[in-house]
Amino acid sequence: MDKAEIIEKINHFLIDEFEVDADAIEPDANLKDTLGLDSLDYVDLVVSVESNFKVKLGEADFVGIATFNDFYNLIDNKVNAAL
């Protein structure tokens, strides 16, 4: 799966499951602020990623994740490392 496909899939489930306006999803936008995430939402986000991409995420994976682009890169690295 290439990065463009990963981004498309992430954006799709963020729009569907977190009811985010598609226009609010910008690569440099702050992930937490844009999604309005609290600690329970992070759990939902992790579950969504793990089920959609068949990868495991831990708390340490989110250190340094601030923007959507950071998040895309994290998932891209996890998916391609699992190959």
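Contact means heavy atoms within 4.5 Å. This report applies that term to a predicted model, in which local features need pLDDT of at least 70, side-chain atom pairs count only at pLDDT 80 or more, and totals for chains, interfaces and linings use all residues. Residues are numbered from 1 along each chain as its sequence is written, and side-chain values use heavy atoms, with hydrogens and water left out.

## Contacts of Val 49

Not counting residues up to four places away in sequence, Val 49 touches Phe 13, Lys 54, Val 55, Leu 57, Phe 71 and Ile 75.

## The nonpolar core

Val 49 is also among the residues with the most contacts inside the largest nonpolar core, as are Ile 10, Leu 14, Leu 45, Phe 53, Phe 71 and Ile 75. This core has 24 residues. A nonpolar core is a set of buried Ala, Val, Leu, Ile, Met, Phe, Trp, Tyr and Cys residues joined through side-chain atoms within 4.5 Å; buried means under 20% relative accessible area, exposed over 50%, and partly exposed in between (1.4 Å probe, protein chains only).

Two or more residues each come from α1, α2 (31-35), α3 and α4 (68-81). Helices are DSSP runs (H or I, at least four residues), numbered from the N terminus. The most residues come from α4, which gives six.

## Asn 11 in helix α1

Asn 11 lies in helix α1. Asn 11 counts as buried because its relative accessibility is 18%. Leaving aside neighbours within four places in sequence, Asn 11 is in contact with Ile 25 and Tyr 72.
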